[in-house]
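This briefing goes through a model chain by chain and then looks at selected residues. Please keep the sequence and the 3D view open while reading.

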Amino acid sequence: MNKKEALIVLIRHSFLLPEETKAGLLAEVDAMAPEDVEALGLLLTKEKKDALAANTLELEEIDALVAKIQQKP
Amino acid sequence: MSKKSRLVFDLANSLSSRAILQNMEKFPSSHEKPPAGPPPLPEPVPVPPPLPERPEMPETESSRQSRNIVRESKWARLAADKDIQEGLGALARTAANAGISLADLMPAGIGEIGSWGADALKWTNWILRGLGLIEKNIDLTPSVSKMTATGSEAFEFISLGLMPSHAIETLLQLKREDLPKIRKMIVRIKKILAEEQADYLNNKREIDDAMEAFNNHDDHE
């Protein structure tokens, strides 16, 4: 997978970007300079890693919170 | 970090901050009458299995920045959801009502200022909205009728100001409207977070390959 293809995948599966921004960026990827592809790809890779790591923990915390609320209606 | 990377970070940071500010303006005050009867329990949300543990990497300045951006953006995205906006509004209203109820415990009539103020706000809200002068609902207990709110102040006279009468309105508001909205918000947050997890698990190989393409540079940051 080359970097532009990778960037397209990361944009499509990004949690950080709203749908309109995703559409705008996807239309621009072909015309992007390699440095921009690199910078955006790096950001989205970090975003995805951090978000996935945090989500597992947050989902556990939310489960505990829901259980607490349901105990005291 | 290169200048371009820094530029993208700054851009993402400012976009996410702006989104949060815009969403804060939109925090609602509900105009709807809640349905009668006990609040419905939130529907269970299917949660995908947890991800395998990743080896811990030393944290760098860019990792910290990235994590802050993700956190801000995540909350900006969550706060754009209607159910979550309503839940946050309910949470803020509950905090304000709880504060007034606590202050209402103060003797010698000092505590009544907040309680009477909240009742005055309810009547002012009714008059101004009736005249079409304001659109927002500034009532702190919209699910409690004006008569109940004002009538509960009678307990202040009976108890010589010792009873926190605003607690009655606070509890009614919490039970009738705010607690169901807070529950709904929590379930919605869970659903959105679970969606992202599920999206990753369904497209794991493709996403992992894409992240791998940028991983070498990440390690040198």
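The model is predicted. Chain A has three helices and zero strands, and chain B has eight helices and zero strands.

**Chain A as a whole**

- Along the sequence, the elements of chain A follow the pattern α-α-α.
- Of the 73 residues in chain A, 47% are buried.
- The accessible surface of chain A is about 3700 Å², and carbon and sulfur atoms account for 58% of that surface.
- When contacts in chain A are limited to residues at least 6 apart in sequence, 59% of them join residues at least 24 apart.

**Chain B as a whole**

- From the N terminus on, chain B reads α-α-α-α-α-α-α-α.
- Of the 221 residues in chain B, 38% are buried.
- Chain B exposes about 13000 Å², with 64% of this area supplied by carbon and sulfur atoms.
- Among the contacts in chain B with a separation of 6 or more, 75% are between residues 24 or more positions apart.

**Helices H1 and H2 of chain A**

- Helix H1 of chain A covers residues 3-12 and helix H2 of chain A covers residues 19-28.
- The two helices pack at an angle of about 170°, and their axes are 10 Å apart.
- Angles over 145 degrees count as roughly antiparallel, and H1(A) and H2(A) are therefore roughly antiparallel to each other.
- On the H1(A) side, the residues that meet H2(A) are Ile8(A), Ile11(A) and Arg12(A); on the H2(A) side they are Lys22(A), Leu25(A) and Leu26(A).
- By residue class, the contact of H1(A) with H2(A) is made up of four nonpolar, no polar and two charged residues.

**Val29(A), in a loop**

- Val29(A) sits in the loop between H2 and helix H3 (34-71) of chain A.
- Val29(A) has a relative accessibility of 1%; buried means under 20%, so Val29(A) counts as buried.
- Apart from neighbours within four places in sequence, Val29(A) is in contact with Lys4(A), Leu7(A), Ile8(A) and Ile11(A).
- Val29(A) and Ile11(A) are 18 residues apart along the chain, and their C-alpha atoms are separated by 9.8 Å.
- Ile11(A) is also one of the H1(A) residues that meet H2(A).

**Leu40(A) and Gly41(A), in helix H3 of chain A**

- Leu40(A) is found in helix H3 of chain A, and Gly41(A) is in helix H3 of chain A as well.
- Leu40(A) has a relative accessible area of 11% and is buried.
- Gly41(A) is buried too, with a relative accessible area of 0%.
- The C-alpha atoms of Leu40(A) and Leu7(A) are separated by 7.6 Å, although these residues are 33 residues apart along the chain.
- Gly41(A) and Ile8(A) are likewise 33 residues apart in sequence, with a C-alpha to C-alpha distance of 8.9 Å.
- With neighbours within four places in sequence left aside, the contacts of Gly41(A) are Leu7(A), Leu10(A) and Phe214(B).
- Leu7(A) is also among the residues in contact with Val29(A).

**Aromatic pair in chain B**

- A pair of aromatic rings is described by the distance of the centres and the angle of the planes.
- The count over all chains comes to one aromatic pair.
- The rings of Trp123(B) and Trp126(B) have centres 5.7 Å apart and planes at 85°; planes over 60 degrees apart count as edge-to-face, so this pair is edge-to-face.
- Trp123(B) and Trp126(B) are three residues apart in helix H4 (residues 112-130) of chain B, which means that they are separated by about one helical turn.
- Trp123(B) has a relative accessible area of 30% and is partly exposed.

Notes
Residues are numbered from 1 along each chain as its sequence is written. Chains are lettered from A and ligands numbered from 1 in the order in which they are written. This is a predicted model: local features need pLDDT of at least 70, side-chain atom pairs count only at pLDDT 80 or more; totals for chains, interfaces and linings use all residues. Side-chain values use heavy atoms; hydrogens and water are left out. Axes are lines fitted to C-alpha atoms, for helices over the stretch in contact, and angles run from 0 to 180 degrees between N-to-C directions. Helices (H or I, at least four residues) and strands (E, at least two) are DSSP runs, numbered from the N terminus. Angles under 35 degrees count as roughly parallel, over 145 as roughly antiparallel, 65 to 115 as roughly perpendicular and the rest as oblique. Contact means heavy atoms within 4.5 Å. Ala, Val, Leu, Ile, Met, Phe, Trp, Tyr, Cys and Pro count as nonpolar, Asp, Glu, Lys and Arg as charged, and the others, Gly among them, as polar. Buried means under 20% relative accessible area, exposed over 50%, partly exposed in between (1.4 Å probe, protein chains only). Accessible areas come from the Shrake-Rupley method with a 1.4 Å probe; for residues, only the protein chains shown count as cover. Rings of Phe, Tyr and Trp (its six-membered ring) pair if their centres lie within 6.5 Å; planes under 30 degrees apart count as stacked, over 60 as edge-to-face and the rest as tilted.
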